[in-house]
Amino acid sequence: MAAFQIKEQPKKYDAVIVGSGAGGGMAAYTLAKSGLKVCLLEAGPMFDPATDSAQLKNPWESPRRGASTKFRPFGDFDGCYWGWEIDGEPYTKAEGTEWDWWRARMLGGRTNHWGRISLRFGPKDFKHKSIDGLGEDWPIGYEDVKPFYDKVDRLIGVFGTNEGLENEPDGIFLPPPLPRLHELKIKKAANGIGIPVIPSRLSILTKKINDERGQCFYCAQCGRSCKVYADFSSSSCLVKPAVATGNVDVIPNAMAREVVTNADGLATGVSYVDKDDMMEYQVDGRVVILAASACESARLLLNSVSRRHQNGLANSSDVVGKYLHDSTGASVSGVLPELMGRKRYNEDGVGGMHVYTPWWLDNKKLDFPRGYHIEYWGGMQQPAYGFGWGIEGLNGKLEMHGKTKEAGGYGKSLKEDYRFMYGAGVGMAGRGEALALESNYCEIDPNVVDIYGIPVLRFNVKYSDYEINQAKHMNQTFKEILHEMGAIITSGGDAGPHNNWGLQVPGKIIHEAGTVRMGNDPKKSALNKWSQAHDCKNLFCVDGGQFVSQGDKNITWTIMALSMRASEYIIDEMKKQNL
Amino acid sequence: MDRRESLKALVLTTVSSTFLLESCDSNTKTEEQTVAEVVKTPDASKAGRMKEEIARLKKIRSEDFFTEHEMATITVLGDIIIPKDEVSGSASDAGVPDFIEFIVKDKPENKTPMRSGLRWLDIQCQNRYDKPFTDCSEKQQLEMVDAIAYPERAKPEMQKGVAFFNLMRNLTATGFFTSEMGVEDIGYMGNRPNQWKGVPEDVLKKHNLAYTDKELRECITFDRQA
């Protein structure tokens, strides 16, 4: 057996980036476009939607008809490699706590399959402590990020409408698609009880924006990633053009072990395990940029212990790993008798909802401090594994062609029931802001390592009454909307205190954030307002880790805006010889 | 490192992005060509699949779970649940038994409920008619099925059979309506390049709905006639 050896890559880079998702992809793109030499480490294999997406496959082309596996928890055609568990890469949870951790391992990370819901944070989202006294304000405000949101809108493309809402800022929008039938019914019902419904804001190209990317052709399969790059994935929209500059080397299947620092405490590079040959490597750069996901970036920092950084890198404040939070989530769904036996036509539309509800109430009058937005689904979707499942609980409750049948059954009459009910489903889910609490954290489990010998994370997260009260409000609101629509509720109707009103386990909504938060006070934050470590000036974190809080918005658009902002700052500081 | 080299060559070749939409409105042939081009992948079975997934698929395919007799029972039951009618063929016409064989290996939590349910069914038939389910007459088979197909009226001692039949019904329907025949039957018309022009006008009228001027002004409508 060969002696242990770390192979150091001879090439010195301007920047070493860990992770190729929204944050890492944007950093690679911005730096490479300015001429800097970049090494991009990715823990999974290469992936190009043009050749690797399962777009336009029919259900029968999957032997499991699109059912989920541990490799693809969102279904066999989904665009993301791995998810809740990865062979050889465990994580643990403190007793009595919950956190489900989604990890993508592929070029572009989870952006290959995400919902493309591209919401800007509003002015209040950066300053919530000033409003309700809870949590912490960001060291920056909307006005600091707005120019970058504008640039991201133009670079990536997003559809939506300018509504002039205070905390749902206007943007530079492409035209949205018209609502589908069930969405018109939702809108009518919700508006009737004072709940706004507006066009959704998704990063899908309803118009062509450049020659490198195609235009949406309305197959509803953004979750599989788009072969013509008509939606945003970091792989196709950022890493590909970054590589085309000739300034970026991507190293796939590279599992980062730690950030290497020198005697002065500055970062010199990243050591990693090559998953193919299981050998140790090191790659050096003038700056190191972490974008491995909020929890993986925290894990890397906590594992990067040195004489100068004895509590882990960038962790003299002891906040790394803390303030971990996800979006809250709860849903209710049902069937709409009015839609039974409906006329067939192609209503695929774009991948995801054409309308949504931004937060519309004043939390001062409620028993929870932060808001939520509502996402909707339904209609005549492509059949997949699970189609018709549980009909024995439904077909006895409905009038089928004017008469009520017995539940269950078989034969021609049953076959007719499936046809009659197809496309009548409708559902909605809330995505809300959870409070970022110091007591919710991830840390290094002292007893467990992964197959690469890297110590793993142990989670310790619990929801508070704020989140549970919020979920109760969601549940009651959704039931009210569905009731107004005349729907029969089939799921979520029996929520109550026994199941926290349907509140999903933290982590489940896959919006991890807060573990490497920014702030003006080095005692209470890991990064400054430029996403730069207080303790190590040539170290940056540009994923959800840097978030102080995440509003009731999906976080990807803000990750990209902040990553672009940090990258421009790096370019500037390098010009000034400060880095 | 050649990995770096292969990287530069990055499979990131772009599918021609101009072919879309200009043509797919008026010319169906072009639309089909478009589909063909988008679907085309170098090696459809391996492109975009992880090596772990390919290995798992190979393993599942190399195993048999159900016996010949069990498969025969599944076939008869499946066709009782989804028979041929005026619109489409039966469960077995759509290959449902093979799907069920695959999916219980892929989702092994179904193995015991299925095997023990099939066994339960045969024992019931043995007690009632002195032969296993597949050897019973059609009338006897339907009599047996009637006893377990309606959860709300089934006798308490039939509960095991009801649970099994629910699973069998669900697997059969899911397998059927995700087959080519089943998707055509259900009338799903998507999964192809097109332009979303909104809900057809006659459907809007039927539901007493209309798009607002704001929607028609702000949304992409293509050549929709309001």
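Author: Start with overall size. Chain A has 579 residues, and a compact globule of that length would have a radius of gyration near 25 Å; chain A has 24 Å, which agrees. That radius is taken over C-alpha atoms, and the globule rule is 2.2 Å times the number of residues to the power 0.38. Along its principal axes, the C-alpha trace of chain A spans about 80 × 50 × 50 Å.

The model is predicted: local features need pLDDT of at least 70, side-chain atom pairs count only at pLDDT 80 or more, and totals for chains, interfaces and linings use all residues. Residues are numbered from 1 along each chain as its sequence is written, chains are lettered from A and ligands numbered from 1 in the order written, and side-chain values use heavy atoms, with hydrogens and water left out.

Chain A has 11 helices and 19 strands. These are DSSP runs numbered from the N terminus: helices are H or I with at least four residues, strands E with at least two.

Now the sheet. It is open, with 6 strands of chain A in the order E4-E10-E11-E14-E9-E17 and antiparallel pairing. Two strands pair if DSSP finds at least two bridges between them. The edge strands are E4 (198–199) and E17 (488–491) of chain A, each pairing on one side only. Within the sheet, E9 (328–335) and E14 (425–432) of chain A pair antiparallel over 8 bridges. There A:Val332 has A:Met428 of E14(A) as its bridge partner.

Helix H10 (465–485) of chain A packs on this sheet. H10 touches E9, E11, E14 and E17 of chain A, and its direction makes about 20° with that of E9(A). Contact means heavy atoms within 4.5 Å. Helix H6 (181–192) of chain A lies across E10 (355–357), E11 (372–378) and E14 of chain A, at about 140° to E11(A). Axes are lines fitted to C-alpha atoms, for helices over the stretch in contact; angles run from 0 to 180 degrees between N-to-C directions.

Chain B comes in at another helix. The axes of H9 (411–421) of chain A and H8 (159–177) of chain B come within 12 Å and cross at roughly 60°. The contact is made by A:Leu414, A:Lys415 and A:Tyr418 of H9(A) and B:Arg169, B:Ala173, B:Phe176 and B:Phe177 of H8(B).
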